[in-house]
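Please keep the sequence and the 3D view at hand while reading.

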Amino acid sequence: MLLAVSLAYVCAWNQPMITEQPTGALRTALVDSGAYVIILAVCCVAIALRRLAPTAAVVAVGVALAAHVLIFDGLSILAIVACLVAVETCTSRVPRPHAWPLVALGYLGGAAGALRADKVVDPPTPGAELIVLAVSWAFITVAVLTGLLRRRARERIEQALERAEVLAAQQEAERRLAVVAERQRIARDVHDLLGHSLSVIGMQAEGARAVLATNPAAAAEALAVIGRTSRRSVSEVHSLVDMLRADVGESPLARPSPQSDGSAAPVGSSPGLDDVPQLVTGARRAGLPLTLDLRCDAEPPAPVGEAAYRCVQEALTNVMRHAAFAPTKVRVRGEDGGVDIVVENAEPISAGGGNAGVLDDDTRRGAGLQTMRERVVALNGRLWAGERSEGGWRVHVTLPAPPHLTQAQPGQAA
C-alpha cells in the first residue's frame with residue numbers, strides 16, 4: 001500500500017515525456033481526456049492489491065502499460081516502476097503455472113516500450129534501440145531474480161511453520177498416548193493389587209458363612225484371615241498412592257514392610273518367580289485346593305519375572321472368583337529361553353453345600369484376562385485361555401526371556 005501511494009504521488013507530478021505531437025484523432029483525444037490519470041489509477045490500485053490477488057494485479061498492470069505504450073511515445077516513471085513491480089510479483093507471488101508466461105509477456109512489453117522510447121538517446125546513435133532494449137531487459141531480469149529470492153525465503157518460512165505445526169501435533173498425540181498408557185498402567189496395578197486380596201476375602205467369607213453353625217473355630221480362623229487380608233489391602237492402597245506420588249516428583253511416604261503371611265508381594269517392589277510360593281500359600285489359606293510345580297533353572301529378567309508373577313496371581317484370582325474351591329494346578333517352568341506358565345482348575349465344587357463355587361456373579365467380564373494379555377503382549381509373549389475338554393479352565397502363558405539377560409539360578413520345586 002505504501003508503495004502504491006508513493007508511486008501515485010510521484011507519478012502525478014511526472015507526466016510521460018511526449019517527444020512528438022500525437023498523431024491520429026483517437027490518440028489526441030485520449031491524451032487530452034486524461035488517459036494517463038486512468039492508467040496511473042489502475043496501476044496504483046493493482047500494486048496495492050498484488051498480495052491479495054497477484055495474478056489479477058499483474059494482468060491489470062500489463063493491460064494499463066500496454067495502453068501506455070500505445071498512447072504515449074515516451075518513458076515515464078509510472079511505466080518503469082509498474083513494469084518492474086509486476087515482473088517481481090510474477091516470480092514471487094503468482095502461482096508457478098501462470099508465472100513464467102506472464103514474465104515472458106513482461107519481457108515483450110519491456111522491449112516494446114524500450115523501442116518506443118529509443119528517442120531518449122540524445123544525440124541519436126547507431127544501435128541505440130539495442131542499448132535501450134538491453135538496459136530494460138537487465139532491469140527486468142533483476143526484478144525476476146528479486147522475486148525468486150523472495151518466493152524462496154517465503155517458502156522456507158512457510159515450511160518452517162508447517163514443520164512446527166506438525167511437531168506440535170505430534171507432541172500433543174504423544175502426550176495423549178502417554179496419558180492413556182499411564183492410565184492403563186494404574187488400572188493394571190489397581191486390578192492386580194486389590195483383585196487378588198478381595199477374592200481371598202470373598203472366599204474366606206463364603207467359607208466362614210458355610211461353617212459358622214457347625215464349626216465356629218474354623219469360622220473364627222476364616223474371619224481372622226479376612227482381617228489380615230483387609231489390613232494388607234489397605235497398606236497396598238497406601239503404597240500404590242505413594243508410588244503414584246513418587247511418579248509425579250513428590251517424595252514417597254514410608255512404605256509398609258513386606259508382609260510375610262503370603263498371597264501377595266509388597267507394593268513398590270518387583271515380584272518375581274521367587275514370590276510365587278508365597279502367593280500360592282495365601283491362596284491355599286483362603287481355601288483353594290492348590291498344587292504348585294515350580295522349576296526355575298535360570299532367573300528371568302526382572303520384567304519377565306514380574307509379568308510371570310502377575311499372570312499367576314491373576315489366574316488364581318479368576319479361579320477364586322469363578323471356580324472357588326475347585327482343585328487347581330499351577331505349573332511354572334523358568335528356563336534360559338523364557339518362562340512357561342500353566343494354571344488349570346477342575347469344575348467348581350460347592351463349599352459346605354451352600355455355594356456353587358462362583359463368587360463373582362458380576363456381568364463385567366474379561367478385565368482380568370485383558371490385563372494379563374496386555375502384560376504378556378508387552379513382552380512379546382503369548383497367552384491362551386479357555387475351557388478344558390475334561391471341564392474347568394486353563395490358562396497357558398509363554399514369556400520369552402533373552403538369554404543374555406538371564407541370570408543363572410538354582411532350580412527349585414514345590
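Is Arg295 buried, partly exposed or exposed? With a relative accessible area of 45%, Arg295 is partly exposed, where buried means under 20% relative accessible area, exposed means over 50% and partly exposed lies in between, for a 1.4 Å probe and protein chains only.

## Basis of the model

This is a predicted model, in which local features need pLDDT of at least 70 and side-chain atom pairs count only at pLDDT 80 or more, while totals for chains, interfaces and linings use all residues. Residues are numbered from 1 along each chain as its sequence is written, and side-chain values use heavy atoms, with hydrogens and water left out.

## Salt bridges

Side chains of opposite charge can pair when their charged atoms come close. Across the whole structure a search finds 11 salt bridges, each being a side-chain nitrogen of Lys or Arg within 4 Å of a carboxyl oxygen of Asp or Glu. Arg295 takes part in one with Asp293, where the closest N and O atoms are 3.6 Å apart, and Asp293 is partly exposed at 24% relative accessible area.

Arg150 pairs with Glu88, with 3.2 Å between the closest N and O atoms. Because Arg150 lies in helix H7 and Glu88 in helix H5 (residues 77-92), this pair ties together parts that are 62 residues apart in sequence; helices are DSSP runs (H or I, at least four residues), as are strands (E, at least two), numbered from the N terminus. Arg150 is partly exposed at 35% relative accessibility, whereas Glu88 is buried at 10%. Within helix H7, Glu172 and Arg176 are 4 residues apart, about one turn of the helix, and their side chains meet in a salt bridge of 3.1 Å, N to O. A network of salt bridges links Glu344, Arg388, Glu390 and Arg394.

## Helix H7 beside helix H10

The axes of helix H7 (residues 128-211) and helix H10 (residues 302-322) come within 9 Å and cross at roughly 35 degrees, the axes being lines fitted to C-alpha atoms over the stretch in contact, with angles from 0 to 180 degrees between N-to-C directions. Residues of the contact (heavy atoms within 4.5 Å) include His191, Leu193 and Met203 of H7 and Arg310, Leu316 and Met320 of H10.

## Two single residues

Leu240, placed in helix H8 (residues 216-247), is buried with a relative accessible area of 9%. Asn380 sits in the loop between helix H11 (367-378) and strand S5 (382-387), and is exposed at 67%.
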